[in-house]
Amino acid sequence: MRSARRTVPPLLLTCLLLAGCSSVSLDTSTPSGTQSPPGASAGSGRGIAVGAGPQKHYTVQKQPAARSCHYRYLKGEPLEDPACTPGAISPAVTQTNLASTICRKGGYTSGIRPSTYVTGKEKKLNAASYGFTGRMGDAEYDHLISLQLGGDPNDYRNLWVEPADPGHRKGSGVNNEKDPVETKLHTAVCKGTVTLAAAQQAIATDWTTALSTLHLS
């Protein structure tokens with residue numbers, strides 16, 4: 001055994017020692033568990049896209065190809081095509097700054113809305129995307145995740161031409177059942193009854209069931 005040790009070249013011994021040190025170094029630098037990055041769980045379970053947020057100057061956004069989007073209907077109520085309009089949230093609104101954004105007194109949405117010059121053009125383009133042929137005055141260019149719930153103001157993924165509700169009188173203007181749902185969700189978020197992310201997820205999934213899903217109806 002003594003002679004065997006003497007036959008190991010010093011250079012080889014040095015390499016073995018260095019290799020051992022290298023492996024220890026790699027092991028100690030690897031975390032023992034995987035942690036999500038800060039803010040990774042702030043969004044919805046479905047992974048709602050994050051848009052650009054409020055802009056000083058909005059530009060007309062490109063819309064999906066003509067007739068590539070298809071409405072769904074639940075008990076006669078129109079729903080968006082999730083492939084074309086999955087929803088998008090604003091990075092400017094978070095659970096920690098509700099008091100200074102969507103829940104502040106004096107309003108928040110009026111200061112971040114795109115101009116009608118921009119949305120008017122987008123609405124016509126989006127109507128072509130959905131193959132909408134009804135009266136434009138009775139259809140709302142709707143934020144799927146409303147501005148009062150932190151929806152992105154001008155991301156094409158968060159806007160769609162929403163047809164009028166069943167029984168709506170033609171020519172009477174925009175009046176649909178989704179708006180009261182948005183208001184009730186906003187109230188619940190600002191009261192702390194539900195989280196912002198939960199409300200965003202619920203309305204992006206199906207606005208007709210959002211309240212019941214969150215036990216608010």
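**Pocket and helix pair**

Colleague: How much space lies in the largest pocket?
Modeller: This is a predicted model, where local features need pLDDT of at least 70, side-chain atom pairs count only at pLDDT 80 or more, and totals for chains, interfaces and linings use all residues. Side-chain values use heavy atoms, without hydrogens and water, and residues are numbered from 1 along each chain as its sequence is written. A pocket is an open set of points on a 1 Å grid over the protein atoms alone where a 1.4 Å probe fits, with protein on both sides within 12 Å along at least five of seven lines. Filling the largest one with probe spheres set on its points gives about 350 Å³.

Colleague: Which helices and strand each supply at least two residues of its lining?
Modeller: Lining residues have an atom within 4 Å of a point. Helices (H or I, at least four residues) and strands (E, at least two) are DSSP runs, numbered from the N terminus. The ones you want are α3 (116-130), β5 (140-143) and α4.

Colleague: How are α4 and α5 oriented to each other?
Modeller: Take lines fitted to C-alpha atoms over the stretch in contact (heavy atoms within 4.5 Å), with angles from 0 to 180 degrees between N-to-C directions. The axes of α4 (residues 178-191) and α5 (residues 196-205) come within 9 Å and cross at roughly 165°. Angles over 145 degrees count as roughly antiparallel, so α4 and α5 are roughly antiparallel.

Definitions and conventions. Angles under 35 degrees count as roughly parallel, over 145 as roughly antiparallel, 65 to 115 as roughly perpendicular and the rest as oblique.
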